[in-house]
Amino acid sequence: MRLGVFFASTAASSLMLANFSWAATLPDNLTWQSNWDDPTIGSAAAVRGGTYRTSIQSFPQTLRTVGPDANSGLRRMMLDDVPGLIGRHPDTLNFIPALANEWAIGDDLKTVYFRLNPKARWSDGEPVTADDFLFMLTFFRSKEIMEPWYNDYYTKTIDAITKYDDLTFAVTSTEKFNAEELLMRMGGMVPRPEHFYANAKKDSNNNGIHDDYVRYYNFKPEPTTGPYFVDKIKKGKSITFKHVGEKWWGYSNKYYQNRYNVDKVRVTVIRDNDIAKKHFEKGSLDAFPLVLPQLWHEKSNSKPYQNGYIDKFWGYNQYPQGAGGVWMNVAMPLLDDLNVRQGITHAIDFDGMITNVLRGDYVRQPNPTGFGHGKYTLPNAKAPAFDPAVAAAAFEKAGFTTIGPDGIRTNADGTRLSFEIVYGSAVHTPRMAYLREQAKLAGLDLVLKLIDGSSMFKFVLEKKHQLAFLTMGTSEVPSYWEYFHSANTNKPQTNAHTNYSTPELDELIMAYRFEFDVDKKVTLGHQIQQKVTDAYVIVPGYMVPYVRYGHWRWVKFPEKPMQRWTQDVLMSAQLGDGTFWIDNAVKKETEKAMKSGQSYPPVLVIDDTYKL
């Protein structure tokens, strides 16, 4: 388990050798911690074997996990979901061992000491050592990776990594943090395989990173510490992940036992969701997401469901929700006007969309910067109401006082109040169409632009959008630097999708980022959220605090399928908890029953343990 989405940021500098320390003496006053007492996560009933077949809508533009275009596609399978140093138990939320068996917090509240699991191995069999973390610092600080998000974090937040022996090292922050946040930040680190890059062409900077890293490694996947590595690539068609096998080091850790049970995961590109559904119902895919209300309520009652060959599953979680909705790019004409942005905010009818298009299944996001972060979430946040009259008054303040024959407002120059809104999936078209029709009531024209898959996110990263409909990931403690600090605005390949920043917001963000006192940090976070809310740069969208699937009856779950932080019970573009398995005996039985016409009672499982 990772700690959720890892903290990271921007700048660009190469590693200075002063940041390393060799042959250091380990302090003798450390209090080493571990946690082997929490409940196991997998099921003892799980069996190993089989190939899990799933799909994605577009082939990833790269198999790199950092650098241009890497923040999409299958990145979660290869980086975000693989083990870090320590993790969070998905139910108790306590820290648990991952790559490290033990950890200790230094008296300075800036340093965390780690002892690696001596059995930890890369998927190619090489041992995971402290040197891989030393190299990690080199890697993430390198300008060759073309990733300012990581450059900044590993330069400005990580002061040094100190090696004591092959399995023992310390990570020191540039600033003090409270103990929990310090563990979360340092414990979430994922090593980079030094031996893998050592075999590459030597670079002119002698730092072990290829001069042309982005191009050279575009489709050269790294070894991984996770249970699955990239085995076969059919460009544009499919990617197959193969299990490391029973020798995977993770099975020496109780929290990974009876998990990641299938031998292979085959991810096939099927660009049309309806076609993917047909493949699933014919038995070519093992599961299919039914989050969409129309799919769950109307299109999951075909013969395979009626005959009990396909089961339905609905499970709730309480995982933190990231910033999402409609993002406005203030660098575009008219959107730099607060009145225009306020008008757009009240002209977007997300509540009506949820009721009329989404059958009331989804939940409105109350806060533009995310939700579910406990004390860090702005208290009493409330999503702005759809109100054409309020929107119209704001548009009139911006000079859009004339209503044309088509019902759309214009200003004195004859400029129409019209903006393009980009979105990344055809299944969202009915939702966008509803927003467009409702926006006309305020005299606003939304021009819908569908850009499928990862190309849409690339379009937004390059800041080519006016309005964009998307939701970002998050972490337990929310991060604002990547979204709203001026270091990232008006730059491609950053997450500053609104291009909005102010000197005052910069100051608050930097104070929040390095604040030691939890109460002060919470207060600063609330101030940041309020300023972003008042800037009207993100219209809060909706949340989906659950997973819903149709799955063939041979796909099995533990008795308790959902944990508090279970993001996915099955694999798609992410590993999830990996607690499911394929029962090959049931598969053969089912295939035989289908040929003979035998049926089973339909199965619907709802796990509402963590329903909000």
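**Close-up views of a predicted model**

**View A. Leu450 is partly exposed, with a relative accessible area of 35%.** Throughout these legends, buried means under 20% relative accessible area, exposed means over 50%, and partly exposed covers what is in between, using a 1.4 Å probe and protein chains only. This is a predicted model, in which local features need pLDDT of at least 70 and side-chain atom pairs count only at pLDDT 80 or more, while totals for chains, interfaces and linings use all residues. Residues are numbered from 1 along each chain as its sequence is written, and side-chain values use heavy atoms, with hydrogens and water left out. Leu450 belongs to strand β19; helices (H or I, at least four residues) and strands (E, at least two) are DSSP runs, numbered from the N terminus. Leaving out residues up to four places away in sequence, Leu450 touches Tyr423, Gly424, Ser425 and Ala426, where contact means heavy atoms within 4.5 Å.

**View B. Helix α14 (residues 454-461) is largely enclosed by the rest of the structure, because six of its eight residues are buried.** Those buried residues are Ser454, Met456, Phe457, Phe459, Val460 and Leu461. Their cover includes strands β18 (418-423), β19 (445-450) and β20 (467-471). After α14 comes Lys463, which has a positive phi near 65 degrees.

View C. Rings of Phe, Tyr and Trp (its six-membered ring) pair if their centres lie within 6.5 Å; planes under 30 degrees apart count as stacked, over 60 as edge-to-face and the rest as tilted. By this rule the model holds 45 aromatic pairs. Another pair, Phe313 with Phe557, is tilted, at 5.0 Å centre to centre and 45 degrees between the planes. Phe313 lies in strand β13 (residues 310-316) and Phe557 in the loop between β24 (555-556) and β25 (581-582), so this pair ties together parts that are 244 residues apart in sequence. Phe313 and Phe557 are buried too. Ring pairs also link a cluster that includes Phe135, Trp149, Tyr153, Phe196 and Tyr217.

**View D. Two arginines sit over aromatic rings: Arg88 over Phe95 and Arg115 over Trp32.** A charge sits over a ring if NZ of Lys or CZ of Arg is within 6 Å of the ring centre and within 35 degrees of the ring normal. Arg88 is 4.1 Å from the centre of the Phe95 ring, and the charged end of Arg115 is 3.9 Å from that of Trp32. Arg115 and Trp32 also both touch Thr168, along with Leu26, Phe114, Ala130, Thr162 and Lys163, again leaving out residues up to four places away in sequence. Thr168 is in strand β8 (residues 168-173) and is buried, at 7% relative accessible area.

**View E. The second largest cavity has about 130 Å³ of space.** On a 1 Å grid over the protein atoms alone, a cavity is a set of points where a 1.4 Å probe fits but cannot get out, and lining residues have an atom within 4 Å of a point. Grid points are joined across faces, edges and corners, and a volume is the space filled by probe spheres set on the points. Searching the whole structure gives six cavities of 30 Å³ or more. Around the second largest cavity are 18 lining residues, with Leu63, Thr65, Met78, Pro221 and Glu222 nearest its centre. This lining divides into twelve nonpolar, two polar and four charged residues, where Ala, Val, Leu, Ile, Met, Phe, Trp, Tyr, Cys and Pro count as nonpolar, Asp, Glu, Lys and Arg as charged, and the others, Gly among them, as polar. Helix α1 (75-80) and strand β9 (228-234) each supply at least two lining residues, and β9 gives the most, with three.

**View F. Asp69 and Asn499 each have a positive phi without being glycine.** For Asp69, phi is about 70 degrees; this residue lies in the loop between β2 (51-56) and α1 and is buried, at 16% relative accessible area. For Asn499, phi is near 60 degrees; its place is the loop between α15 (481-484) and α16 (503-513), and it counts as buried at 6% relative accessibility.

Note on methods. 1 Å grid on protein atoms, 1.4 Å probe; cavity = no way out; pocket = protein on both sides within 12 Å on 5 of 7 lines; lining within 4 Å.
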